[in-house]
Structure formats: C-alpha cells, structure tokens
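User: I am new to this structure. Please take me through its cavities and a few of its helices and strands.

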Amino acid sequence: MRSNIKVSIAGVGNCASALVQGVQYYRLSNDTTGVTFKEINGYSISDIRFTAAFDVDARKVGKDLAEAIFTPPNNALKIIDVDKTGVIVKPGPLLDGIAPELAGSYIPVVEAKIDDVVKELESTNSEILVNYLPTGAQKASEAYAEAALRAGVGFVNAMPSQIATAEQWQAKFTKAGLPLLGDDIQNQLGATVLHKTIMHLLSLRGLKVVGTYQLNVGGTPDFLNLNYRKGQKEKTKTAAVKKMVKEQDFDAYITPVAHVGFLGGRKRAHMFIEAQGFAGVPVKIEVSLEVHDPWNNAGVMVDVLRLMKVALDRGVAGPIYSVAAWAFKNPPMHAPPDEAYNWLVEFIEGKRDN
C-alpha cells in the first residue's frame, strides 16, 4: 500500500487555495475530469496530505489551512468546502516576500525565522515543500529552499525565482540527496504552454516568425504584485516561448500588463504572432484565452507532487529535468511540449533517471 504524500506550502495564496480545494474535491469524487494522470505509479490525488503551511499575512497566520485559503485578499474560485486539516498556518521569513508598496497597508505582516520553518517541517514529517511566494521574492524563496535542505525535504519552486535553474542550488540538493523541481510552474492550459505549442508548430511547418507578443491581465493578488514586480515573469515567459523556435531571431514581448480587480481569480491573455509562410506570404495569428489561473496551476501541481514522491521513493537527487521540462516555464532543460511529455512518461516508467 502506498503511503501518503506529505506536503508543506510556503505562501497560502490563491494557488494554495485551488490546490487544497482540488485535493478535497478529488478525494470525495470519482470524477477525473481535468486530470492528466489518474494515477502515477500507484499514487492518486487523494494520497496528497498537507502537513504544514507558512505565510507572512497576519490575517492567515494562526488559522487552520482550510480557513486561511479563503481569507482575503485570496479570491480564487471556491468550488467546495474544505474540511479542517489540523494544519495551522505558521509565520515564515519575510525578506523580499512582499513588494514594499503592499507591505503594511495592503498586507499586515507577521514573520518568523528560517529556524522556525525547519523545526515545523521536521516535526510534521513533511516530505515536500512547495514555494508559492509572490513573483520577485528571490531572497525569501532561497530561504525556504535552505529550510528544505536543512529539514531533508524535496523542494518545488512554483514561482519565477531562480532556484532549480541555479547551479549552486542544483549542487546543494544533489549533495543532500534530495529532488529539486522548478522554476515557475507552467499552467495546465495557460497562455505560456499554448503560445509555446503554436510557436513550435510554426517551426515544424517551416514558417519564419517575424514577431510575437502576449499581454495578460487578471484580478488576483498576484497580478497586483506584478504591478510592481513583473520583470522576472517577463523574462521567464518570453524565454520559454522563444526557445520553441530554433535558429530564428525575432522580436518577442510577453508580459502581465495590469491588475483588473473585477476579474477576480480569472486571467485573460491575448496572443499575436506574425510569421511568413511559403514564398514569404504573411501569416497572422491572434488568440484570446480566459482561465481561472489558480485552478490552472493546481491541475499541474497535483501531478508534480506525485512525481516528486516517485523521485523521493527512488532516491533521485538534484534537478529532475524530464518533469521540469513538462511542468515548468523556466526548467533547467527546455523542450517542446510533445517531447517533454515523452520524457515525462519515460521517467514515470523508470526508463529515465531524471
């Protein structure tokens, strides 16, 4: 019988809300709509258990995780009531975890030390720590990565901060015998993976890309944070799309442009691609996409957590290139979605070590 997958969360925002709700939903339902893998090496979504959670928002700290995920400013779509988890949200290190413009006035802050995080991870027997901190929180993300190392747990960097792509962190997790995944999780059907797929198709069919852009707006607190800290997100999303077209140089601009409050947990993306086909004849593509961003994220995270558990079972250490190429925007090794999927299946089947 498979054991539970013991997961801790750093950053109890909208993505955490969708993940916790989603696990409860599939635990109570036989419905597998929207699930890429019903089981991964025997692990189902219902095997995921939450063991610890950390935040610096005083409104969430001290509450059960089931209550904290619905505490403002969270505004992810609610689809189910969540049973009490017994996990009380604890304070974590602040560092650069909140944009200065939002700390205090928008988010009342309470914080703790890395040592406190390590003790909580150890006392709860956590196996995996997920980093859901806001974009731009490089130092705070590194603090949680360090806590994971000290506590002996695998680390999933769901945000654009550079952890899994940084050689020093790769070396640290490899030496510690712990798996590392990241950076910046790629949504189940988000603007980046859709844009990448179209660009890859153009490349396969011999078209020359002249230029492309993608503009995103949304109503989540993350979009409010991106008003002040969008540089890192721009870089990872733009690089991910450009890498799908080899040996071509073209202009690309991909960015979140605004927080639009009435959209709530929704994100709207507009993509435009200009290319040249046979004999240089122009081709233009426009795509609009609307998604509930946190739920889009959770649809991939439930797979990532089970794949991390498989890695822990097998003693995989350091970056997992196959899983990262499939599930993240800025992985250590990029690959088109179809190729990355093949790598992923090979990893699941034990034909690929990482």
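User: Which helices and strands each supply at least two residues of the lining of the largest cavity?
Analyst: This is a predicted model: local features need pLDDT of at least 70, side-chain atom pairs count only at pLDDT 80 or more, and totals for chains, interfaces and linings use all residues. Residues are numbered from 1 along each chain as its sequence is written, and side-chain values use heavy atoms, with hydrogens and water left out. Helices (H or I, at least four residues) and strands (E, at least two) are DSSP runs, numbered from the N terminus. Those that each supply at least two lining residues are α1 (14-28), β2 (48-55), α4 (138-151), α7 (221-226), α8 (231-242) and α9 (293-314).

User: Which helix gives the most to that lining?
Analyst: The lining divides into 26 nonpolar, 10 polar and 10 charged residues. Here Ala, Val, Leu, Ile, Met, Phe, Trp, Tyr, Cys and Pro count as nonpolar, Asp, Glu, Lys and Arg as charged, and the others, Gly among them, as polar. With 5 residues, the top contributor is α7.

User: What is the volume of the largest cavity?
Analyst: On a 1 Å grid over the protein atoms alone, a cavity is a set of points where a 1.4 Å probe fits but cannot get out; lining residues have an atom within 4 Å of a point. Grid points are joined across faces, edges and corners, and a volume is the space filled by probe spheres set on the points. The search finds 2 cavities of 30 Å³ or more. The largest has a volume of about 780 Å³.

User: Which helix gives the largest share of the lining of the second largest cavity?
Analyst: This cavity has a volume of about 30 Å³. Its lining has 2 nonpolar, 4 polar and 3 charged residues, with Lys237, Lys267 and Lys329 among them. The largest share, 3 residues, comes from α6 (residues 191-204).

User: What covers the buried residues of α1?
Analyst: Buried means under 20% relative accessible area, with a 1.4 Å probe and protein chains only. In α1 the buried residues include Asn14, Leu19 and Gln24. Their cover, by contact (heavy atoms within 4.5 Å), includes β1 (5-10), β2, α2 (65-68), α7 and α9.

User: Which residue stands opposite Val156 in β5?
Analyst: Two strands pair if DSSP finds at least two bridges between them. Strand β4 (residues 128-131) and β5 pair in the parallel sense over 4 bridges. In β5, Gly154 and Val156 point one way and Phe155 and Asn157 the other, all buried. Opposite Val156 stands Val130.

Definitions and conventions
1 Å grid on protein atoms, 1.4 Å probe; cavity = no way out; pocket = protein on both sides within 12 Å on 5 of 7 lines; lining within 4 Å. Buried < 20%, exposed > 50% of the residue type's maximum accessible area, 1.4 Å probe, protein only.
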